Amino acid sequence: MISKFFFKPIVYSGLLIILLNSCRKDDKFTPINMNDLNPDVPYNANTELDQWLKANLLDVYNSEVIYRYSRYHHEYDRNITPIDVDRVQPFMETVIGGFANPYVAVAGMPFMKVNMPKQWVLYGSSSYSSTTAYWGSAVGGVRVNIFDLNNFSKSNTSLVRDRLGTIHHEFTHILNQRVIIPAEFREISKSEYTGDWQNMTDAQAQNLGFMRAYSAQNPMEDFADMVKYPVVWGPSWFENLIRTRTSAAGAAALRAKEQSVLQYFNSGLQIDFRELQKKVQLYLKDTIKDPEVTFPYWINQGLYRTVTIAPDDQMYQDYGSSDVFNTVYNNMKTYMAGLGRTLLNMQLRFNTPTSLTVRLNYLSGTSAFAADYDFAFATNANTGITTFTKVAQSGTTGSYSNAQIFVSGFETTIQAYLTSGTFIADWIPLSAPASVYAKIAGFTKSGEPGNYFYGTLGQTL
Amino acid sequence: MKTIKHIIAVFTAIILLASCEKKSYVPVFDELPQARVAKQIDSVKSILTGAEYGWIGILSTGTGGGFGFFMEFDDQENVKMMADLTNTSAVEVKSSRYRIRQDAGVALTFDTYNYISLLNAPNPNMYGGAIRDGFRSDIDFIYDHATADSIIFVGKRYRQQFKLVKATAAQKAAYYEGKYLVNINGFRNFFSTKFNNYIELGSDKIAVGAVTDSSLATGKRITFTRTEDGSAVAVTQKFGYTVDKMVMTDAGAAVLDKRFIHAALKDANTMAIYDAGGTEYLVKQNPVPLIDFLSVYAYNKAYNSIFVPNGTSLPPGVTSDFNTVYNDLVNRFAASGRTIRDFEIKLNNSNTFAIRINYYANSAPTTVYLAEALSSYTFEDGIIKLTGNLSINGNWNTRAAQIGDFGTSFFQGKSFRPDWVSSTVPGLNLGGLYRVDQPTAFVYGVMRRS
């Protein structure tokens, strides 16, 4: 007989045990799991493309490329066309050449292993929100969606620039999550940002100090575009924008933003922005053969009006010079010295894209003078091939009268040199630091790499 | 007594709580969901890759017409495709990737670009779809069911049917021999050269028309039209081309008690339409449209205007006493140094009938003048009766010497019976007003709404 004292504790303990046991899950229960039947990335690495992607992106950067369409990677309410499989490798080669490699070169592989987007999702068509087409988006600092690739071709140089620009733009957003954009950048165009940017033209926005209307929506997009355009479209494009499309206030804003971006990269990220810019520009020029990033193109656009060659300057000691040209120049200098004049420099002055004046700046005593010689000029943006042809002088007084003093010496030295064959116009010398990329340029005699001359570029005559 | 109560309470509690004890998971079906879905995925893949000679597909789109495909699936998730979207897609095989996966059911996803992607394209420049929406067609297709020779999917988002039927060896060979485009062009040619097409359904004549291009709003659609109680009743069905047929989407077109499912060319000039029971209906041509003219002609119907677009000559191939009347008018204008640009008879509204002559001086051909005469009219029992005198505008009065009695002798106060007009040149869509007092005299032109 259980005593009354123990009866209740025993009963309630028993109840508790039954209660707990009755609700115990049976360990034989198997949860429903469809993950294996619908993977985010359908790995089927049997094709050459899959192997190439693995070897060049997954193994190197731990980045996976998702080119097989999944609706779950984009906004659910949109129609987005899958990418043509033939476009994948050419596009990713461009990503490596025009984006990853330049960053690796200037920031190092460890930086890119950490910061390279971990997922590249590629689509064939644009992504439309309403009537606005989007070319890219960055998601969570991990994924980059790139749209509208079904027309992609490396031979379509403007499209390469567009897509490469999208990548640099989106990657800047990712970098901004690591190092926030400078506070002073947000202040530069603070009063100009607008939610109504879609009703603004690019020209209107540029006049206010933006790269385009899209940049005017907020500082984040503005900053990303301030990286995208100078890096991909290039420093000359940026200079030309300031020259042709902006007000004084807009130009000042762009200059201030440019400095802020430089500071952000150089100090915040410890990345040489100019070096990055140079690497991308050289990829576009030399690999993609984009004519719109070449020196001849910008001569023909009327951006660069002068090249000043002064072989006595320190620059030539630092970056090197051509013995052949130096001999020509010094012969002229000697000739002029024999006439009591001191040659200071030689300047190519592009009156038009087809008309050139070679000006010799010199001293007579302590007074400065110029002697001008007229040439026809032609330079090809695709090939760089350039010809100088002496034409009749267009004047007889002033600098043309001065030219008569030295004409026989000029004809046998500089004129003979310039008209001796074709030259290749380019951003030379390549060994010059990135800080002067597109600030100096020159001409190399065709087929003679050691025979060249270059100088400082100017935008006004 | 208290102890008994405790014991009863304890046992009651034990029974109550024990009833909640979980047993091990017992699936309603014989296998877990993932196992059953995996089997279905394997099954669908097996069906698709098991068709030795590929598949012939017909896809309906949400806002466009229907489209035809030839597809071959391999077990490495590659698909080869031809389609009736463009002339190129009908002759060039394009390869892409596909996969079968679990979604809202088992889904077939064409996961890299191929011809079928164009119907989904949100950029109008790609294939002419609407911006953002394309043709409202899918990339993902959910498996619906399969039969011995078919497999049917439904678009995941736009719910359009995609039906694939196994091709025969001969059909596959025909696709690879370029006969797909030949068949497509055969239908295009038929409908661009044969007019007033119809089939006979018992004593009924059913007009048959088709838009053979791929335009979003009207393309790849076939229309069956009959007259019922004086009104036109039309049934429109989308279609896609196969290598030997024009196949209507979904269940076909239901007309009266028949369901038409496909059409085929017996030769370049002979087309037949087939119903679900396999009965053949030859497509014939009528000299004039089959639709009762009065069902489409009135001030507020499909046509309210009889139009002569080239004002210096009436539409060709028609014999009417009006020809002389009109040509004299043209000549009088020409003699005065003027040209009739176009001519129109229009029912402005329920009681105003307009005779409109647009003309210009040859010395200044860009300045066009309108000479217009208006009349009251009634339209009863199929007869248009002009009442009262013509009311003319200033230009009609100014050009009185050229117009002469054109208005007063042929139109003023006259009664007309509207009807189609037959021409020796087919496809002109001509209608006219036949003078009741002189049936060989009828004014005619191209029917339009203006």
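Which residues does A:Met92 touch, not counting residues up to four places away in sequence? Select A:Met92 to begin: the residues are A:Trp52, A:Leu53, A:Leu57, A:Val65, A:Trp120 and A:Leu122, where contact means heavy atoms within 4.5 Å.

The model is predicted, and local features need pLDDT of at least 70, side-chain atom pairs count only at pLDDT 80 or more, and totals for chains, interfaces and linings use all residues. Residues are numbered from 1 along each chain as its sequence is written, chains are lettered from A and ligands numbered from 1 in the order in which they are written, and side-chain values use heavy atoms, with hydrogens and water left out.

**Chain A**

Next, display the open sheet β1-β2-β6-β5 of chain A, whose 4 strands have mixed pairing. Strands (E, at least two residues) and helices (H or I, at least four) are DSSP runs, numbered from the N terminus, and two strands pair if DSSP finds at least two bridges between them. The edge strands are β1 (64–66) and β5 (136–139) of chain A. Between β5(A) and β6(A) (143–146) there are 4 bridges, and the two run antiparallel; A:Ala138 stands opposite A:Val144.

Helix α5(A) (157–178) lies across β2, β5 and β6 of chain A, at about 25° to β5(A). Axes are lines fitted to C-alpha atoms, for helices over the stretch in contact, and angles run from 0 to 180 degrees between N-to-C directions.

Then select α8(A) (219–233) and α9(A) (235–245), which pack at about 115° with axes 5 Å apart. Here A:Met226, A:Tyr229, A:Pro230 and A:Trp233 meet A:Pro235, A:Trp237 and A:Phe238.

**Chain B**

Finally, turn to the closed barrel of 8 strands, β20 to β27 of chain B, with antiparallel pairing. Within this chain, β25(B) (415–420) and β26(B) (430–435) share 5 bridges, and B:Trp420 has B:Gly431 as its bridge partner. Helix α7(B) (322–335) lies across β20, β21, β22 and β27 of chain B, at about 140° to β21(B).
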